[in-house]
Amino acid sequence: MSTPAHLTPADFAPAVMERHVHAISRPSLSYWQDAVRRLRANWRAMTSLGVVIGLCIFAVAGPWIWQVDPAAQDVDQISQGPSLPATALIVEPGTAWAGVTKEPTASGDVVANLRLAEPATTQTVRLTWEPVVGATGYVVYRSIYDPAPDRALGLPLGDSLGANRVSYEDRLDLKPQRYWYSVVVLDANGAEQQAYETFSVDVVRAASIEEAQARGWTTQDAALTVGTQLTLPFHPLGTDYLGRDMLARLIYGARVSLFIGVVAPILFVLIGIVYGSIAGFVGGRLDQVLMRFAEFVIALPFLLFMILFKIAFGIGPGESGVIPMLVALVILDWPPTARLVRGQILQIRQEGYVSASQLLGAKTGYLVFRHMIPNTLGVILVTLTFAVPSAIFTEAFLSFIGMGVAPPTPSWGSMANDGIRTMLSHPHELIFPAVLISIAVLAFNLLGDGLRDALDVRMRGRE
Amino acid sequence: MSRAAVRQLVWLGLAGTGIFIALMVALSWAATITGGGTTAGRAFDLDTKSITIFLDDEPPQLDSRRTSDTISGMVLGHIMEGLLRYDARNQVVPGVAERWEIRPTGATFWLRNTARWSDGKPVTAHDFVFAWRTVVDPATASDYAFILYYVKNGEAINSSKMPPDQLGVRAISDSVLEVDFERPAAFFDKLVTFPTYFPIRQDFQASRGVRYAADAQDLLFNGPFVMTRWAHGANIRLEKNQEYWNRDAIRLNAIDIPYITSDTPTLVNLFKDGSLVWARLGPEQFEEAMKLRWNVARYGDGSIWYVDFNFRPERPTRNLNLRRALQLVTDPNEIVNRVIAIPGYKPLNSLFPAWLPGLNGLFRQEYPPPAITLSIDEARKHLEMAKKELGVDQIPPLVLLSDDTILANKEAEYFQSLYKRTLNLDIRIDKQIFKQRIAKHNAGDFDMVLAGWGPDYADPLTFGDLYASFNGNNRSLYNNPAYDAQVRIAQNSTDQSARMDAFAEMQRIMIEDAVHLPTHERGRVFVQAPQLKGVVHRAIGTEPDFTDAYLVEAP
C-alpha cells in the first residue's frame, strides 16, 4: 500500500496567477518572414537569385558599360577567339599591283628564289619567284602547317598562267600568323609537277590611315603616322563569323531572351490567375465550361500557332518575330496556371476560416482578396519562376530554328545557331550563348525550387 | 543525399545507358535491312571498280527535254550522250556522231552505226528529230526551248506560230542528221553537247507516257552508264552500260550515290570515314583539311553571282540613283577575301566572268570592264538624289532575298550591315530554301536578290542575253532597248569582232546603269581519294564528270 502524501496546509493555499506561462520565447514570424528566412538558408536558391540579378544587370546596364554596336562588323577580326586587344601597323594605303613578269632563262621542274615582293601584311601578301622555261603557269598554295615531308601544300589559292608571270597576290582572309606558301610549276600539258618550292611568312596585322578612319578605329583628327602601331577595337569574348563583338551580342541577346522570359510568364500567369479564380470561385456549370476550354487550349500545338500568328500579324520576311512569339506564349501557356489556381481556390473555399468569414458577413471581394489570393500567392510565385526558364528556352529554340529575331538583332538562340556551323573551328561562337542559356535556365529553375520549399506551408518552422 | 538515393541514381543511370545502347544497335540494324542493300561505307573498291559519290540534291528532272539544272545535268551527262561531247580537256569530241560539218546555214552529222540504246537497238537520226521537235513544242513547256532557237523555226514553233514538224531538222537516213539554222551558229558543235539536244526514242517514250524519266526503269540510256536504281531522295546507282559504243574506254563498273546532301561538314565527315571518294570543303573545314594534310584541289564552276535588282514599277530599286549609291559602296574584293574567304572564288566586276573566251584570248583581258571608284561620299549624294526623285524622306526597308545556305546567310548579313553603316539603309533579309528562292525570284517578290547564273555554252552570249527584255530568264524585268539591240547584234552577227564589241557595250551598259551588282565567280574546293584519277571538273557541261575516271593502287 502506498503511503498517503504528506500534505501541508500550504498546498491548499490559492495559487498565485503566473503571467508568463505562455510567453513566446522567440519573436513572432509571419508566413512571409518565415519563407524569406528559409529561402535565405538555402544556398543554392540564394546563389541562383544572385545569378538572376546579375543577368538582369548584364542585360539592362550592359549596353551603358560596354558601348559596342552588336551589329557592327569588324571584317579584319573575323571569328577571333577571346583575346587581348590587338594592334595593327599603320601602312601606306594599298595600291593595285600589276604583278611581276620576267622571261624565263632557267629550266627545271621547280621555281627558284620564292620570296616576298613587299612586306607581308594582313592587307596583302605579294609573292614573286624566278620563272621556269617551258612552264605554262604556276599554282600557289598556302598552308598553316609546314608542307614537308609529305607534300601537304594546303589550300590552292590560285594560279598564274604563263611562264613569264611570276607573281601572285594573296589577299584571302589573311590573319596575323605564320603561313607556308608553296609554288608548283604547271608543265606543258597543264599538269602539276610533283616538286614544289616552299617558304614561310609571318604576316603582321596592318591597316592604312584611311581604312582606320573609315572603320572608326581612330578619329579623323588623331595624328597617325605610317609605321606606328594602332590599337584595334577590343573584343574580350572574341568575334563571330562576321567580326561582330560577341560580348555586345550576348548583352543584346540577353535583353531579348529575358524580355520574353519575364514578360510572357507575367502576362500568362496573370491571365491564369483571373481565369482560375473565376472558375474556382463561381464553380458549377461555369467552372465546367471554363475548364473544358482550358483543356482545349492545352491541346493546341504551339509551333503551328506561332507560325499562324506570324502570318496573321503580317510579319514579313526579315522582320522580327518576337511580338508574335510573345502573343503565342501568352495565349497558349496560361491554362496550367489557371488549373493550379482553380484547384487552390476550390480547396481554400472549403476551409473553416472562409466559412467563418462568410458567416461573419464577408463579401465576395473581401473573401477573394483577403483569404483566397494571399493563400495562393505562394503557388503562383512558384509557377512564375518555373515558367521563366521554360519561356527563355522556348525563345532560344525558336530563334535557333529561325522563327524568332530577325538579323542583325542577336538572341542567344540565333547566336547558338550561327555558332554551330563553326563548332569545330571556332567553338567560342557556340559555347558562350549556349552557356548563358544553360546558366539562365538553371538559375531560374533552382530559384523556383528554393521558392517552392520556402513557401510550402507544411515546411513552416523547419530548417 | 543518402546512400540509398545514390545507389538508386547509379542504377537508373546504368539502366538508361543500357537501354540507349540497345536502342542504337536496334536502329542501326533496322537501317541495314531497310536500306535496300546499299553498299554504303566504301569510298571505292579496286576489285569491283566502283566508287561512292554524293549529289547536292535529288535530280529534279531527268527528262532531258525539260531539265534545266546542273544536278540533273550531271546525272544525264553520265547516262545519256548527245551528238558530240566534251573530253577531259574540254574539247568537243565525237559522241553519237562520228563526224560533222557546220556551215553558215546549217550542219550535218554522220552518226556512228555502233551507237546503241541500252536495250540493244541502234541510236538513229530519227531519235534526235523526235526529241528536238518535242522540246520546241509549246505543249512540252521546256524551260530550255530557247537553246534550240538556233534551229530553223524553233522560236516560231515554240511561240505556237508553226507546227512542230516544221523544225529545221531532218533524218536523211538512219545515220545522217541534217540541221538548218535560223541564224548563223558557229558554236553549234558546243550546243549539241547540251542535255536539251540529247536523243529520245519515240516508241520507248510513248510506252512510258507521262511516266517517262520518272524512275530508273522509265528511262532508256545511250550514255556510258545506265541507272539501275533510283530511290527518290535516298540513293542512285549507276552501272557501266554494256551496250555503249565506247564501252572499252569506260574503266569504272559502278558509281554509287547513297548520299544526297550539300552540307560540307557532313561530306567531310563521310570522306574521313572512307564513305565518300571525294568531298567538297567549306571554309569551316579548311583548318582541319590542312591539319589532316589532305591534298586540296580547286576549280571554278564558271558561274557568276550578283545582287539582282527588281525593276518592277512599284519597287524603289527601279531608281537609278539608289542602285548607283549601292554600287558605289559594294566592294567585291572585300566580299571574296573577307566574307566568303574560299580559295577559287574570284571578285567579279562585270557581267562576264574572267574565263570567257574573247576574240583571240580572254574576253575580259581584251575588253576590261569600266572601273568603279568606290566612294561613300558619292554614294550618299546619289542616295539623296534618289530620295528626292522617289519623294520620300527615308528609303523604305529593302527586302534582300537569299538562299538559306551558310554562305548566302553570311553574305546577306554582310550586305545588311554594309548598307546600314554606309548609307543608313534598312535591309530585311528574306531567307528561303533554293526552290522557294527561285519561285520568289521568278514572281518578282523582292527588292534585291542574291542570285547566280551558270553558263550553258562557252560564249559571252550565255550571260549577255540574260538581261534582254525578251529573255524569260530576265527575272528582274530590266528593259533597255539599247541593251536589247546589242544582244540582237551578238545573236545574229557572224563577225566575231562585231560580236565582241557588242558584248563590251553590254558590259558597259550593265555598269553604267547599275543593272546588277556583280560580286563573285564561284569556286569550289574539294578533296579526293588519291586512288581516284581522271575526274573532270569543268565550268560547262557534265560536272563532275566520272566518264573517264579510273582507280589506281594507293601511291
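What share of the 463 residues in chain A do buried residues make up? They make up 37% of chain A, where a residue is called buried if 20 or more other C-beta atoms lie within 10 Å of its own, exposed if 12 or fewer do, and partly exposed in between, with the C-beta atoms placed from the backbone. In chain B, 46% of the 555 residues count as buried.

The structure is a predicted model, in which local features need pLDDT of at least 70 and side-chain atom pairs count only at pLDDT 80 or more, while totals for chains, interfaces and linings use all residues. Residues are numbered from 1 along each chain as its sequence is written, and chains are lettered from A and ligands numbered from 1 in the order in which they are written.

We can begin with the overall form of each chain. Chain A holds 12 helices and 10 strands, and chain B holds 17 helices and 20 strands; here helices (H or I, at least four residues) and strands (E, at least two) are DSSP runs, numbered from the N terminus. The C-alpha atoms of chain A fill a box of roughly 135 × 65 × 60 Å along the principal axes, and the C-alpha trace of chain B spans about 85 × 70 × 45 Å along its own. For the 463 residues of chain A, a compact globule would have a radius near 23 Å, but chain A has 36 Å. For the 555 residues of chain B, the rule gives a value near 24 Å, and the 26 Å of chain B agrees with a compact globule.

In chain A, residues 24 or more positions apart account for 73% of the contacts with a separation of 6 or more, and in chain B 65% of the contacts between residues at least 6 apart join residues at least 24 apart. Although B:Trp117 and B:Leu220 are 103 residues apart in sequence, their C-alpha atoms are 6.7 Å apart in space. Leaving aside neighbours within four places in sequence, the contacts of B:Trp117 include B:Arg201, B:Leu220 and B:Glu243, and B:Trp117 counts as partly exposed because it has 19 C-beta neighbours inside 10 Å.

Within chain A, helix H10 (residues 364-400) and helix H12 (residues 428-455) pack at an angle of about 170 degrees, with their axes 9 Å apart; the axes are lines fitted to C-alpha atoms, for helices over the stretch in contact, and angles run from 0 to 180 degrees between N-to-C directions. The angle makes H10(A) roughly antiparallel to H12(A), a label for angles over 145 degrees, whereas those under 35 count as roughly parallel, 65 to 115 as roughly perpendicular and the rest as oblique. Among the residues that make the contact are A:Leu381 and A:Phe386 of H10(A) and A:Val441 and A:Phe444 of H12(A). By class, this contact has 15 nonpolar, four polar and one charged residues, where Ala, Val, Leu, Ile, Met, Phe, Trp, Tyr, Cys and Pro count as nonpolar, Asp, Glu, Lys and Arg as charged, and the others, Gly among them, as polar.

Next comes the meeting of the two chains, where 27 residues of chain B are in contact with 31 residues of chain A. On the side of chain B that touches chain A, H13(B) gives the most, with six residues. The residues of that side divide into 11 nonpolar, three polar and 13 charged.

Finally, a few backbone details deserve attention. Most residues other than glycine have a negative phi, and most peptide bonds are trans. The bond from A:Ala148 to A:Pro149, however, is cis, with omega near 0 degrees, and A:Pro149 is placed in the loop between strand S4 (137-143) and strand S5 (155-161) of chain A. A:Asp173, which is not a glycine, has a positive phi of about 45 degrees, and A:Asp173 counts as buried because it has 21 C-beta neighbours inside 10 Å.

Methods. The radius of gyration is taken over C-alpha atoms; the globule rule is 2.2 Å times the number of residues to the power 0.38. Two residues are in contact if their C-beta atoms, placed from the backbone, lie within 7 Å.
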